[in-house]
Amino acid sequence: MPQRTTTIANPTGLHARPAALFAKTAGASGHSITIARDGEAPIDASSILMIMGLGLAHGDAVTLVGDEGADAILDQLVELLESDLDSVPA
């Protein structure tokens with residue numbers, strides 16, 4: 001299974017709007033993708049409520065895991081997490 005590890009770059013973490021953008025992108029991919037803070041159990045990356053429940057803050061390290069063939073979407077999700085999602089137009 002492909003996986004990527006990255007760090008949350010958004011200055012305010014994954015609050016509602018960035019979490020929604022991330023979850024929408026993951027869900028629209030058609031792949032099964034999980035996200036986990038290092039040392040914690042993985043959760044469904046397409047669930048905004050589960051993502052917000054992680055309380056991810058700026059600088060937190062996370063691991064994304066996808067099913068076979070999810071390499072491109074994992075790369076796209078890493079790009080989102082490594083950017084300032086508050087500056088992305090709605």
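Which residue is the bridge partner of R4 in β4? I looked this up in the model, which is a predicted one, and found that R4 is partnered by L64.

Entry on the strand pairs. I then followed the two strands concerned and noted that β1, residues 3-7, and β4, residues 61-66, run antiparallel and are joined by five bridges. On looking for other pairings of β4, I found that β2, residues 33-37, pairs with β4 in the antiparallel sense, over five bridges. Within that pairing I noted A36, whose bridge partner in β4 is T63, and I also noted that I35 stands opposite L64.

Entry on the sheet. I traced the order of the strands as β1-β4-β2-β3, which gives an open sheet of four strands with antiparallel pairing. Because β1 and β3 (43-44) stand at the edges and have a single partner strand each, one side of each is left without a neighbour in the sheet. I next looked for what packs on the sheet and found helix α3, residues 71-81, which touches β1, β2 and β4. I wrote down that the direction of α3 makes about 5 degrees with that of β1.

I turned to a nonpolar surface patch of about 280 Å², which is made by I48, L49 and M52. Of these residues I followed I48, which I found in helix α2, residues 48-54.

Note on methods
Residues numbered from 1 in each chain as written. Predicted model: local features only at pLDDT ≥ 70, side-chain atom pairs only at ≥ 80, totals over all residues. Heavy atoms only, no water. Pairing = 2+ DSSP bridges. Contact = heavy atoms within 4.5 Å. Axes fitted to C-alpha atoms, helices over the stretch in contact; angles between N-to-C directions. Patch = residues over 30% accessible without salt bridge, like charges linked within 9 Å, V, L, I, M, F, W, Y side chains within 5 Å. Areas by Shrake-Rupley, 256 points an atom, 1.4 Å probe, with all protein chains shown as cover. Salt bridge = Lys/Arg side-chain N within 4 Å of Asp/Glu carboxyl O.
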